[in-house]
Amino acid sequence: MHPSAASVDPDRYLAKVSSDPLSGAYSERFAIHAGPSSGGKPMTGPDAAECLRARLAMPGGPFAFYVHVPFCTGRCLFCGFAGSGPGGGAGARYCQAVEREIDSLALASGPRGPVRAVYFGGGTPSSMDSGDLSRLLSAARSLAPFANDCEITLEGAVHDFTRDRASEFIDAGFNRFSIGIQTFDTAVRRSMGRHLSGVEALARLRELCSMSMAAVVIDLIFGLPGQTIEIFERDLELAVSVGLDGLDTYQLNVFPDGALERAAEEGRVPPPAPLAAQGRYYALALERLGRMRFRQLSLSHFARGTRERNLYNPWAKSRLDCLSAGAGAGGFVSGWSFYRRADPAAYVERASRGDFAPDFVTAPHPAGEISSFLAGQMEEGALDLDAFRASYGPVPPAFQRILDNWRDAGLASEADGLVTLTTAGRFWGVNMAQAAIDALDEVSETNPAGRGSGWGSRGELAGWHEVHRERGAWSVGGPVCRGFSWRGALGGVRGAWSAGCSRNEGPSLEAGSCRRAGGWGRRDTVHETPWDGATSDSTLSLDQRFPDPGRLPGFLGAQEAPLNNSLLNVHVCVNKLAQLRDDSIKFKNMGRNFKC
């Protein structure tokens with residue numbers, strides 16, 4: 001659940017019905033990016049290192065790769081990033097440390113790939129020496145083959161992109177540049193701490209686009225202090241005029257006690273545009289960019305032509321596998337998130353000792369899959385209810401209440417199973433996605449048995465290992481069963497159990513000591529978790545590590561009904577790897593037989 005959801009009235013997440021939804025639907029922003037809260041208390045120390053090592057060793061599919069470069073040659077008022085420049089040898093030392101970490105990742109990772117997208121972010125990666133960036137990109141190619149159409153992005157500031165420097169970046173292998181312009185208005189730029197004037201920034205962009213060797217994408221921010229809607233309209237016109245491949249229009253974030261908030265409070269800059277006024281800026285961007293034949297790829301991102309695809313950002317927001325390197329970098333492996341503190345000096349020192357352990361590792365949230373589905377669909381401006389029902393069953397009443405509210409508030413319309421966001425809905429899209437995620441998470445909290453929900457629920461189980469708790473969800477009778485999920489930290493168990501479904505998409509069980517553990521579940525019409533690991537004739541034993549069945553509400557201890565004589569395949573890795581193929585299962589040390 002969203003951190004604040006447990007302590008407030010759920011009506012907080014309902015939009016206000018008014019004649020002006022652009023300005024009045026909500027009085028606050030719920031999140032910068034929609035998503036569930038963490039799946040549990042983060043692990044630290046040796047437990048975190050072992051957990052990530054076990055998951056990296058398992059075979060995987062396509063993934064993205066992120067490199068964090070924590071250097072900036074300046075500090076902009078609107079930015080929450082604090083860093084220093086790469087001078088004095090700091091950049092070279094940092095590059096060497098990241099290169100060693102990438103080598104370590106390559107050795108620790110099981111077979112996976114290809115790499116679909118690479119993103120060098122920060123910070124300002126373009127402030128680094130181009131030779132160092134080239135070395136890091138070459139090292140990244142050791143992780144797995146790059147897809148033929150791999151998107152390779154370098155984030156940067158426009159003053160770094162001279163023609164010569166841009167050529168060096170292209171020669172290094174980058175095929176996409178993401179540049180923070182924010183505004184072309186010189187007065188606003190100066191007040192925010194930008195290096196170049198608006199005229200200089202525009203000339204640099206024109207030259208870069210004329211090279212036609214990489215996709216060029218820029219960021220514009222609306223709501224900046226001193227930025228009238230007329231200034232923003234001029235920003236859009238100038239951006240379109242230079243021949244860009246893509247454009248982001250971001251709503252200003254004012255960080256609590258940040259440099260911008262303090263400057264406004266002290267009267268050094270005008271106050272930012274209030275939230276109620278910012279929707280007008282967004283509506284203007286949709287109208288102007290649509291007229292100029294830009295396609296809207298997400299709530300904030302627009303593309304013109306075929307070169308710009310915006311692969312990395314949706315991938316990362318969907319919490320698909322994303323490996324990373326560098327101080328301040330984070331990512332996901334099999335749903336587990338990991339993060340390293342943004343302290344370059346400490347990172348370089350640890351790297352000299354070969355210590356690349358994450359500072360935090362967190363288990364997947366039980367509602368992570370459905371949250372990613374909702375956030376991904378909403379990010380594209382529409383929600384396919386037919387796809388929702390096919391995957392998760394009937395729409396729960398709490399979610400239906402949210403959908404009805406969106407329609408009544410002028411944020412969305414519905415036809416033929418497709419909920420389409422209006423212009424106001426796109427502006428408030430992150431709020432709406434967060435409201436839906438929290439509504440469904442609330443259902444899972446209050447329905448521990450999971451019966452009849454169609455998309456499951458969750459419970460918390462103690463045991464298996466002292467260092468973590470087990471979290472899981474069990475669903476019965478839905479069109480597609482996500483099943484009972486075991487998620488452990490050090491022992492590392494995930495899996496699925498489902499019954500009475502037309503399709504079982506339960507994930508594989510995993511254990512910390514195994515490269516791959518496989519999957520188990522009733523073989524329904526379609527079983528999408530084929531076993532492709534090693535097998536053994538050893539007997540199935542949980543070695544006294546299972547908790548007492550009486551402590552497992554809604555789990556197998558309470559489910560002994562026949563399952564229509566269907567075939568059950570079980571592959572479990574605990575201390576031993578076992579494979580059992582039979583029409584019955586016997587869990588030793590539990591004193592029960594479960595018949596299928």
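Contact here means heavy atoms within 4.5 Å. Helices (H or I, at least four residues) and strands (E, at least two) are DSSP runs, numbered from the N terminus.

The model is predicted: local features need pLDDT of at least 70, side-chain atom pairs count only at pLDDT 80 or more, and totals for chains, interfaces and linings use all residues. Residues are numbered from 1 along each chain as its sequence is written, and side-chain values use heavy atoms, with hydrogens and water left out.

**Helix H3**

Display residues 90-108. The 19 residues of H3 should span 27 Å at 1.5 Å a residue, and the end C-alpha atoms are 27 Å apart, in agreement; the expected span is 1.5 Å times one less than the number of residues. The buried residues of H3 are Gly 91, Tyr 94, Cys 95, Ala 97, Val 98, Glu 101, Ile 102 and Leu 105. They cover an arc of only 165° around the axis, which puts them on the same side of H3. The arc is that of the directions from the helix axis to the C-beta atoms. Buried means under 20% relative accessible area, exposed over 50%, and partly exposed in between (1.4 Å probe, protein chains only).

**Nonpolar cores**

Next, select Phe 65 and Trp 406, which touch the most other members of the largest nonpolar core, a set of 120 residues. Helix H17 (residues 429-446) gives the most to this core, with seven residues. Another core, of 13 residues, lies apart from it and includes Ile 221, Leu 224, Ile 231 and Ala 263. A nonpolar core is a set of buried Ala, Val, Leu, Ile, Met, Phe, Trp, Tyr and Cys residues joined through side-chain atoms within 4.5 Å.

**Aromatic pairs**

The whole structure holds 22 aromatic pairs. Rings of Phe, Tyr and Trp (its six-membered ring) pair if their centres lie within 6.5 Å; planes under 30 degrees apart count as stacked, over 60 as edge-to-face and the rest as tilted. Select Phe 161 and Phe 177, a tilted pair at 5.0 Å centre to centre with 55° between the planes. Phe 161 lies in the loop between strand E3 (146-156) and helix H5 (163-172) and Phe 177 in strand E4 (residues 176-182), so the pair ties together parts that are 16 residues apart in sequence. Both residues, Phe 161 and Phe 177, are buried.

Move to Val 216 in strand E5 (residues 215-222). Val 216 is buried, at a relative accessible area of 1%. Beyond four places in sequence, the residues touched by Val 216 include Phe 177, Leu 205 and Gly 246. In the loop between helix H7 (198-211) and E5, select Ser 212, which has a positive phi of about 55° although it is not a glycine. Ser 212 is partly exposed, with a relative accessible area of 42%.

**Cis peptide bonds**

Turn to the bond from Gly 113 to Pro 114, which is cis with omega near 5°; Pro 114 is placed in the loop between H3 and strand E2 (115-122). The bond from Gly 122 to Gly 123 is also cis, with omega near 20°.

**Confidence**

Finally, colour by pLDDT, the predictor's confidence in each residue, from 0 to 100. The mean for the protein is 75, and 70% of its residues reach 70 or more. Over residues 446-596, pLDDT stays under 50. Where pLDDT is low, the predicted coordinates should not be read in detail.
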